[in-house]
Amino acid sequence: MIQLSKDSRLGDIIDHPVGHDMCYRLLLELGLNPLLLKNKLLRRLRFRTLAKFSRGQLDDAFMESFFRLLNIEKERPVNRTGEPTPAWWKEATIYQIYPRSFCDSNADGIGDLQGIIGKLDDLKALGVDALWLSPIYRSPDDDNGYDISDYYDIHEDFGTMADFDELIAELEKRDMRLIMDMVLNHTSDEHAWFQEALRDPQSPKRDYYFLRDVASPKRITDKNFHAHGHDDLSPPNNWTSFFRGSAWRYFPDEELWGLHLFSKKQMDLNWESEALRDEIMKILHFWLEKGVSGFRLDVINYISKAEGLPDGNETIGAMLSFYGIEHYVFGAKLNEYLRDMQARAFTPYRAFTVGECPGVGREMSKLLAGEERGEMDLVFSFDHLENPGFTRWDDYCYDLNYYKQYMINEQEALGSNHWMSLFFENHDNPRMISKVNPDPSVREQLGKLLALLLFSMRGTVFLYQGQELGLVNEDFRSMDDIRDVESLNYYQEKVAEGKEEQGWRDVMAGSRDHARTPYPWNDQPYAGFSSVKPWIESSSSNRSNHLKAQQADEQSIWHFYRRLIDIRRRHKGLVYGDVKFMKKKKRHYWACYRTYGDKRYFIEANLSDKPIKRPTGKPQGHLIISTHDRHKRTLQPYEASIIEL
Ligand code: ISL
Ligand code: CA
């Protein structure tokens, strides 16, 4: 295997899986079109020539970090041809529930397990096959359950283990499955392991975390660190947290630094520890024994950190606004750790796994979830959620033409041994309709278009609660309405920089709370979510689009989703069929064929809010589903349909 270096041609770098995905991200970050990766002239350039034009940005230190990251990975993905192997999770529609905000059964303003159990018939009526629950384990809720303090117990706000067992049984009765959210990159600082590790220098648990003593010579580069009042001390390296500030928290009593990539109460676990990995296997077995069908693995690509925890590169840090990421985004032992879990926990139970992998793109996903790899089944990657040049905090209108280009790129480059996760929403992102076009008069049309685009591609569809109602972003009035630790910290940082107004605008654009407000069930107070004031409140526009009204209206977004799920169940060609896009360059026009055995489908859509001419004339065939009931020569704004040929 050749080592890549600054003398390599860009083409060779792009043909490397990590090189490809990193260059893709880099272009997005720079606001450039990722299609550039296919440019023949560019592919022939040597990296150092490119670096020369970067006005010193891509300096030697940058190149060293960049190529170190690339050269860790020695393997190349393989693309198989032929038909994909059938699997239940490829055909399934998986529905994500954010338990705090789904349904409150005991009038404390917080959603819970009995609330979910009471609504299973509605979910069955929609047609979903499996539920993915955001974490329901014991937690002090610094990050709403993504900070687990006991992996073997249910959060008291959500109920008891008996409620959980009842949920499993009720799901089984309805032929539905359960997928648990498993957070293994970090635990809460209140977890017994961490408490013991902190208190007792002799404890083997000390090795479960990254705890370092004060006598570290390195200086922090993060300007906000000083705002936290540790002026005289320096953390072990310059890594920063995704939730702002240094990634190191100082424990004054013990004179120790602890690493946390997320909030300061989410302490990173050290996977080098074999004893820790054994504990993790036990946890996985415990839930598999209870009858769960699989796991969504939280930030699983971050679990392998570079030896010695070296400083992050300044250029990469400045570019991504996170320092140190190159030292854990795709660590040297990641594949090994995943295979270990697969062999010891998932395979024996035939469990399904989807790994949440921020920063991982198409080619790295093939290494993490290729059928022959023995690691995971699926990956969530996020390169499609924002347009090039924008981040989640930016207030802009998402151009669906980028999504089209992204999907063409993905669907045409995957082998039959690869499978894609299809999603627009989750608990970490604003609502997709609002991102694309916040005009309330197009909400229904646009909601249906997005639904049809999801269900007509090759991959597994994941829905997030409320997406099937076409919910939109909230009109929060002030920071008092915001609950999320990420938004709160982000805003604090802006205030400290004297950019209060900017902070509020950014939070309104990107806050994760937009997706975390109560599910609207009916026209009762609080939309039937609870009989008391909920822990976070939603706007009247979302409350009025409640489930009950949509179930009563055959034309609603909810019925449109219900029909799509049903169609996908009856037409396996829409799941497994080969994908071929047409008229790729025609702006706003989406057209593709799906072929499976002797079945053929044509999917056509208008991605814009203006009518466009059908380039091919009116398609012939049997209309399976359409956002508009009559086919005309022009495609109406956001019109979309599936035709069986
Ligand atoms: O980009 C992000 C932070 O800047 C978020 O979208 C998110 O933190 C990231 O994708 C990782 O998400 C997962 O792990 C976090 C948790 O807060 C998220 O809710 C979870 O989905 C830490 O456990
Ligand atoms: Ca409750």
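Reply: What follows goes from ring pairs to charges over rings, and ends at the ligand.

This is a predicted model, where local features need pLDDT of at least 70, side-chain atom pairs count only at pLDDT 80 or more, and totals for chains, interfaces and linings use all residues. Residues are numbered from 1 along each chain as its sequence is written, chains are lettered from A and ligands numbered from 1 in written order, and side-chain values use heavy atoms, without hydrogens or water.

There are 47 aromatic pairs in the structure. (Rings of Phe, Tyr and Trp, with its six-membered ring, pair if their centres lie within 6.5 Å; planes under 30 degrees apart are stacked, over 60 edge-to-face, the rest tilted.)

Take Trp-88 and Phe-352. Their ring centres are 5.7 Å apart, with 65 degrees between the planes, and the pair is edge-to-face. Trp-88 belongs to helix H6 (residues 88-91) and Phe-352 to strand S12 (residues 352-356), so this pair ties together parts 264 residues apart in sequence. (Helices, H or I of at least four residues, and strands, E of at least two, are DSSP runs numbered from the N terminus.)

The two partners differ in cover. Trp-88 is partly exposed, at 26% relative accessible area. Phe-352 is buried, at 1%. (Buried is under 20%, exposed over 50%, partly exposed in between, with a 1.4 Å probe and protein chains only.)

Now Phe-581 and Trp-590. The ring centres lie 5.3 Å apart and the planes meet at 75 degrees, so this pair is edge-to-face. Phe-581 and Trp-590 are both buried.

Rings also gather in groups. One aromatic cluster holds Tyr-137, Tyr-151, Tyr-152, Phe-164, Trp-193, Tyr-208, Phe-286 and Trp-287.

Next, charges. The charged end of Arg-100 sits over the ring of Trp-535, 4.7 Å from the ring centre. Arg-392 places its charged end over the ring of Trp-393, at 5.1 Å from the centre. (That takes NZ of Lys or CZ of Arg within 6 Å of the ring centre and within 35 degrees of the ring normal.)

Last, the ligand. An oxygen atom of ligand 1 is 3.0 Å from a side-chain N or O atom of Arg-296. For Glu-356, too, a side-chain N or O atom is 3.0 Å from an oxygen atom of ligand 1. In Glu-486, a polar side-chain atom lies 3.2 Å from an oxygen atom of ligand 1.

Methods:
A polar contact is a pair of N or O atoms within 3.5 Å; within protein, one must be able to donate a hydrogen and the other to accept it, and residues adjacent in sequence count only if both atoms are side-chain atoms.
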